[in-house]
Amino acid sequence: MSLVLSEDQKLLKQSAADFVKKESPVSRIRELRDGEDPDGFSRALWAKMAELGWQGILIPEQYGGLGMGYLEVACVLEECGRNLAPEPMLSSVLLGANAVLLAGNEDQKNALLPRVADGSLLLALAYHERGARYSVYKVGASAERRDSSYVLNGEKALVFDGHAADRLVVSARTSGDETDHAGISLFVVDPGTPGVEVTRQQTMHLRSAATVRLSDVEVGADALLGEEGGAGPVLEDVIDRATVGLCAEMLGGTQAAFEMTVEYLKTRQQFGVAIGSFQGLKHRAAAMFIEIELMRSVVLGACQALDESAPDLREAVSAAKARSSDTARLVGYEGIQMHGGIGMTDEHDIGFYAKRARGSELTFGDGAYHRDRFAALQGF
Amino acid sequence: MSDIEAFRADTRAWLEASCPASMRWAKGEAGNAMSGEGLTWGGRNAGLGADAKRWLDVMAERGWTAPTWAAEYGGGGLSKDEAKVLAQEMNRLRIKPPLIGFGLTMIGPLLLEHGSEEQKKRYLPEICRGEVRWCQGYSEPGSGSDLASLQTKAVRDGDDFVLNGQKVWTSYADQADWMFCLVRSDPDASKHTGISFILFDMETSGVSVRPIKLISGASPFCETFLEDVRVPRNQVVGGEGNGWTMAKALLGHERSMISEAFSERRERNPMVTLARKYVGEHDGRVMDPVVRDEIASLTMNKVALDLTIARTKEAMKLGQTPGPEVSIFKYYATELNKDRYSLMLSILGPQALGWDGEGFGDDELEVTRSWLRSRGNSIEGGTSEIQLNIIAKRVLGLPD
């Protein structure tokens with residue numbers, strides 16, 4: 001398989017770019033934040049994206065999707081990331097739908113996936129708990145079996161787009177100690193169920209998230225997604241996939257921040273010249289260019305590894321996330337610095353990119369986490 | 001069977017029958033294009049072993065030392081596809097190239113494109129037969145990154161030029177037979193238009209050579225001194241005053257040669273092997289998490305570089321014009337090589353302190369020497385700073 005986009009993929013990417021440029025300028029982020037929009041995104045835009053088939057890219061055709069792969073979804077996510085478009089592709093599709101796809105039985109897949117694909121159902125994956133850092137296995141939430149139902153208790157945090165979801169996919173322990181790899185189960189929970197309390201969180205990088213508190217929440221046995229106690233490895237697989245999606249978003253955002261910065265170097269005059277003529281800045285800009293090219297390569301490589309179910313898939317994901325994290329951080333930092341004073345203002349957009357860069361870095365494992373995982377996978 | 005498949009079959013059979021066993025790579029041996037170890041450079045003083053000489057001769061007879069060059073100049077006259085097949089078959093049988101050197105890779109192609117008919121007939125066949133070894137005279141003590149400022153004088157005297165000056169960093173000048181050299185032939189012309197590209201025999205009176213010792217020990221680099229060296233004017237290539245154009249044509253090629261050498265696949269991760277031994281392991285994991293993190297980081301960097309090279313090559317195959325990727329690769333591959341050896345030095349600890357002899361293993365000494373030598377990778381073939389300048393100017397369009 002190719003590391004160069006096919007003609008179809010290029011068309012998809014271009015149409016996504018045109019769509020995002022027209023429908024989702026970066027100014028939206030500011031408006032949604034300042035207007036305290038309850039959803040944090042536009043349902044109308046979400047519907048338009050569904051018409052384009054975006055939510056269905058990764059969903060197999062038999063479940064109403066387009067049955068495409070990660071190279072395709074990366075094309076779309078990169079363009080979304082360019083303008084920090086807030087629509088819940090990562091949360092509903094890469095996290096939520098992937099959990100159903102990888103763990104659900106046929107009934108569950110048929111009930112949920114077509115509605116994710118057509119944009120009518122929003123999912124959110126509630127797996128993270130405060131203090132768990134990057135481990136999917138640190139789960140304190142519990143699921144007690146009572147006759148033909150489960151009773152869930154606990155608290156989930158940083159549930160992406162949890163406040164807007166129609167269904168939450170929740171990880172809770174049916175057995176084992178807090179950090180055991182075995183004993184974790186997944187449940188599809190209607191947030192309207194008594195005992196579920198969803199509270200929106202304020203994040204610095206403006207990715208919508210929520211806490212989910214569960215107090216004696218009763219769900220039927222059919223809410224169980226996959227094997228009881230076996231959700232740990234499934235969550236790892238889901239997060240790997242979402243990580244690659246996140247890297248694609250980061251690629252777009254990093255590219256946009258870089259272009260904005262280079263443009264500034266060309267236009268900002270001081271001492272009678274464009275500041276881009278200073279060699280110190282030229283070298284730093286050129287170094288960033290190189291890092292972004294390399295970032296693009298590892299992200300493409302990870303997409304390819306996923307699409308081909310490569311044996312070294314996890315290494316590819318870790319390489320992508322580690323390098324994307326470092327590069328996004330660099331460009332975010334340099335972006336502010338090279339803009340000088342205005343780079344520090346809320347008014348300027350570069351700050352959004354710098355915040356998002358580090359926010360994404362600290363999601364699904366940062367560089368250090370993934371270098372450690374890479375080393376373990378490579379046997380050292 | 002198609003023509004190309006028939007060619008493949010014939011080629012394979014002939015190679016298998018004709019190539020001596022000693023001219024094939026042994027298991028675990030990898031060709032290093034940069035050092036040319038174990039390969040034939042040719043030349044008057046080559047002193048080749050019997051097998052190497054035989055292999056060179058039979059291949060030269062077919063024109064297969066330069067497969068795509070026209071047969072009238074000593075080449076094989078093969079098409080691109082045929083040459084690819086030949087390369088694949090040689091690779092499959094692990095056959096060493098019969099001849100390497102700057103004649104084949106640099107001055108030969110330049111002559112084919114810019115040389116006169118007379119020059120092509122005079123120089124190319126001897127290159128193909130491995131009879132003449134070439135070196136490159138570009139840099140001077142006062143002209144490194146700013147090569148165009150070169151000062152070696154070429155003064156007209158009848159049908160000759162008389163050369164005076166000094167070249168530096170000439171690889172293998174002490175073993176070469178001929179030099180292709182940049183000289184200032186018109187001191188009144190502008191900086192770039194007063195330069196000529198001239199060829200001369202290293203045996204010419206007035207040429208002397210002195211090897212340069214590096215911080216890493218012996219090296220192929222030399223200083224070359226030119227004192228009233230008389231060279232016929234018809235040994236200028238591309239016309240007098242056109243030397244800079246000739247030089248630029250070769251510079252890009254040199255940069256990609258260097259970076260390709262550093263991107264060769266290594267079978268094992270040497271950093272891990274060393275870390276296990278010198279830093280220690282616990283439960284199969286390298287004991288020092290900082291070292292482990294650095295190894296992972298550099299390994300990932302190599303993955304990223306390899307993937308970038310792969311997708312660039314693929315894009316080019318699909319007919320997409322390459323950007324200044326060569327500058328990225330040269331910059332990144334050399335910086336990465338420096339980082340790798342720097343880490344390996346750290347991993348070795350006190351065993352990295354050896355220069356020679358007692359108390360240090362050969363492989364330990366090799367790491368130390370390689371580390372020292374690697375510091376020059378970001379300087380030779382166009383410094384890293386120059387590569388960044390090129391990217392800033394040509395890719396990003398940042399103003400002067």
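Let's start with a pair of strands: E4(A) and strand E5 (residues 184-189) of chain A run antiparallel and are joined by six bridges; strands count as paired if DSSP finds at least two bridges between them. Before going on, note that this is a predicted model, in which local features need pLDDT of at least 70 and side-chain atom pairs count only at pLDDT 80 or more, while totals for chains, interfaces and linings use all residues. Residues are numbered from 1 along each chain as its sequence is written, and chains are lettered from A and ligands numbered from 1 in the order in which they are written. Helices (H or I, at least four residues) and strands (E, at least two) are DSSP runs, numbered from the N terminus.

Now step back to the whole chain. An automatic or database domain assignment divides chain A into domain 1 (7-121), domain 2 (124-229) and domain 3 (233-377). The centres of domain 1 and domain 3 of chain A, taken over C-alpha atoms, are 21 Å apart. Their contact (C-beta atoms, placed from the backbone, within 7 Å) takes 22 residues from domain 1 and 24 residues from domain 3. On the domain 1 side, helix H4 (70-82) and helix H5 (89-103) of chain A each supply at least two residues, and H4(A) gives the largest share, ten residues.

Finally, look across to chain B. The axes of helix H8 (residues 279-307) of chain A and helix H8 (residues 289-317) of chain B come within 8 Å and cross at roughly 85°; axes are lines fitted to C-alpha atoms, for helices over the stretch in contact, with angles from 0 to 180 degrees between N-to-C directions. H8(A) is therefore roughly perpendicular to H8(B), a label for angles of 65 to 115 degrees. Among the residues that meet here are Leu294(A) and Val298(A) in H8(A), and Leu305(B) and Arg311(B) in H8(B).

Methods
Parallel < 35°, antiparallel > 145°, perpendicular 65-115°, else oblique. Contact = placed C-beta atoms within 7 Å.
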